[in-house]
Amino acid sequence: LYNPMLPSIVEDLKKQGLAVENDGALVVYLDEFKNKDGDPMGVIVQKKDGGFLYTTTDIAAAKYRYETLKANRTLVFSDTRQSQHMQQAW
């Protein structure tokens with residue numbers, strides 16, 4: 001369902017100056033998350049080979065639910081292993 005939306009999600013992130021190229025991939029750096037050196041941690045939204053990742057799909061899902069379904073609240077259930085991923089996506 002969301003696959004056709006993924007290129008436009010990445011394009012929107014680029015237009016907003018959020019997604020930048022790093023070694024051929026498109027990455028969003030989040031100041032709230034630091035790597036082991038204390039630098040902002042990057043979240044890949046499009047791989048070097050053009051493939052998309054879960055975070056990009058989750059952003060598309062949120063956009064679809066808000067814009068198309070007119071949802072004013074959604075609940076996502078996952079276990080703690082997805083905690084950081086969910087925080088980064090939202």
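So, how many aromatic pairs does a search of the whole structure find? One. Keep in mind that what we're looking at is a predicted model.

Let's start with that pair. It's tyrosine 2 with tyrosine 64: the ring centres sit 5.8 Å apart and the planes are at 75°, so we call it edge-to-face. As for where the partners come from, tyrosine 2 is in the segment before helix H1, which runs 6-15, while tyrosine 64 is in helix H2, residues 54-67, so the pair ties together parts that are 62 residues apart in sequence. On accessibility, tyrosine 2 comes out buried, at 18% relative accessible area, and tyrosine 64 counts as partly exposed at 22%.

Lysine 63 pairs with aspartate 12, with the closest N and O atoms 3.3 Å apart. Lysine 63 is in helix H2 and aspartate 12 in helix H1, so here we have parts 51 residues apart in sequence being tied together. Both are partly exposed: lysine 63 at 25%, aspartate 12 at 29%.

Finally, aspartate 79 bridges to arginine 81, with a closest N to O distance of 2.3 Å. Aspartate 79 is partly exposed, at 35%, whereas arginine 81 is exposed, at 71%.

Technical notes:
Residues numbered from 1 in each chain as written. Predicted model: local features only at pLDDT ≥ 70, side-chain atom pairs only at ≥ 80, totals over all residues. Heavy atoms only, no water. Phe/Tyr/Trp six-rings, centres within 6.5 Å; stacked < 30°, edge-to-face > 60°. Helix = DSSP H or I, 4+ residues; strand = E, 2+ residues; numbered from the N terminus. Buried < 20%, exposed > 50% of the residue type's maximum accessible area, 1.4 Å probe, protein only. Salt bridge = Lys/Arg side-chain N within 4 Å of Asp/Glu carboxyl O.
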